Amino acid sequence: MEKKVLAFDFGASGGRAMCGTFDGEKIEIEELHRFSNDPVIVNGTMYWDVLRLFFEIKQGLIKAKKCGKIESIGIDTWGVDFGLLDEEGRLLENPVHYRDNRTNGMLAESFAKIDKDTFYQITGNQFMEINTAFQLLSLAKNRQELLKRADKMLLMPDLFNYFLTGEKKAEYSIASTTQLLDAKARNWSEEVIKALELPAHIFPQIVPTGTKIGELTEEICEELSLDKMDVVAVAGHDTQCALVAVPAQEEDFIFLSCGTWSLLGTELAEPIINEKSAHYNVTNEGGCEEKISFLKNIIGLWCVQESRRQWIREGQEFGFGELEKMAQAAPSLQCFIDPDAPEFTPAGNVPKRIQKFCERTGQYVPKTKGEIVRCINESLAMKYRHAMEEIKKCTGKDYRTVYMVGGGTQSALLCQCTANACGCAVSAGPVEATVLGNVALQFMASGEIASLQEARKIIRQSQDIKRYEPQQSKDWDEAYERFKKILV
């Protein structure tokens, strides 16, 4: 008998509601509702329009009525951002966007409070100024009055779950993105929280990935004319949902979740936290069955997306497919950028910044749109190789296949470049890995799917997966030596 669940997947630029159906052998998904996610800048601060996003969740719930009986709901989002609630459970202000500049300088400030090595030994997280710890440190320094009014901090998926159920819980995977979690104890780190002088009471109870945390409130059921249904804390961090859907059969594998951000790493039973992982700034994030994702965060398709937005602002509107055709026609391996260089993080004129980067580093300066997009794709592929080499050095293992999932798999150019750069096969798909993982976790919570291993088997037999083999290995190896010289 078919069973259905509802998955909400939020990204940095948009979200959607998807109905997932499981017949005992395969999972099928259907899009019900899609909407944009538009940050709003007010008085110099960049906010998420969280009330609008919750309105869209309600629209998704309404549209899901056509699917028949829905067993449960699961929500995944990006990491690190949060809302603050007062003692009455009221949201104190809209969550601030991780691209806001309030965290500038907070990384250095934190190291004055807690030794950098100690900090990493506890949390095992890659140091990034956007992380929750540094956002809260900014509040402690500049907006103490707001922090004093806060009773609880809820990360974005936990905040939406609270709006739906009234339950204030922290899901394990999303909590592991904060740089405030003890990676080995799998709980909030009292030492880090105390060192950063943050109020300990704002951190809610952590629950395992795939936990049923409550039901829709009576108020929402009445407002939307809905029956009661479970709300499941799936892997709140979208990367960990995507990892559930990686169609690997082997125990040791490299995954690459590719969207606005790229996350490349491997799956482990326990975190790796040592001098070598600290040197390479590798992060340990938690996920399904308390497994650890040992990974690197890399700027992903953001540079392509923001370049397209710039060209639209200039009156030249091209689809991603058109830009890829232009890139395919451009010469290969002419120039590279470091996608993680600080100038590529903010919104704005990314094509101009790419040209300036290439000029500054003594390379060929790309002129056409095709050359710029090709430069981005080949640079990403080279960055993946660089990260993969660091992962190998830390684990002491070799990997024969890169399992690439997410929106980036729709780019045949990026998939082939990745195979060429990494010198190994790329298994590309599923595109909708995050949603499939979200759906699978809900069926795991209800007992319909027994384990992560079974979930991956079901997804393998539900999806078409493409395979790319490496080409022009000698040329790419030579180009990689050039690429390493321009890394920031």
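My notes follow, topic by topic.

**Ground rules.** I am reading a predicted model, where local features need pLDDT of at least 70, side-chain atom pairs count only at pLDDT 80 or more, and totals for chains, interfaces and linings use all residues. Residues are numbered from 1 along each chain as its sequence is written, and side-chain values use heavy atoms, with hydrogens and water left out.

I noted 34% helix and 25% strand for 5-244, with its end C-alpha atoms 16 Å apart. For 256-445 I have 47% helix, 17% strand and end C-alpha atoms 25 Å apart. Helices (H or I, at least four residues) and strands (E, at least two) are DSSP runs, numbered from the N terminus.

**Core.** Which residues touch the most other members of the largest nonpolar core? I found Leu-61, Leu-136, Phe-160, Leu-164, Leu-180 and Trp-188, out of 175 residues. H15 gives the most to this core, with 12 residues. The core is a set of buried Ala, Val, Leu, Ile, Met, Phe, Trp, Tyr and Cys residues joined through side-chain atoms within 4.5 Å, where buried is under 20% relative accessible area (1.4 Å probe, protein chains only).

**Trp-188.** Leaving aside neighbours within four places in sequence, I listed its contacts (heavy atoms within 4.5 Å); among them are Met-153, Leu-180, Asp-182, Phe-203 and Pro-204.

Methods:
Buried < 20%, exposed > 50% of the residue type's maximum accessible area, 1.4 Å probe, protein only.
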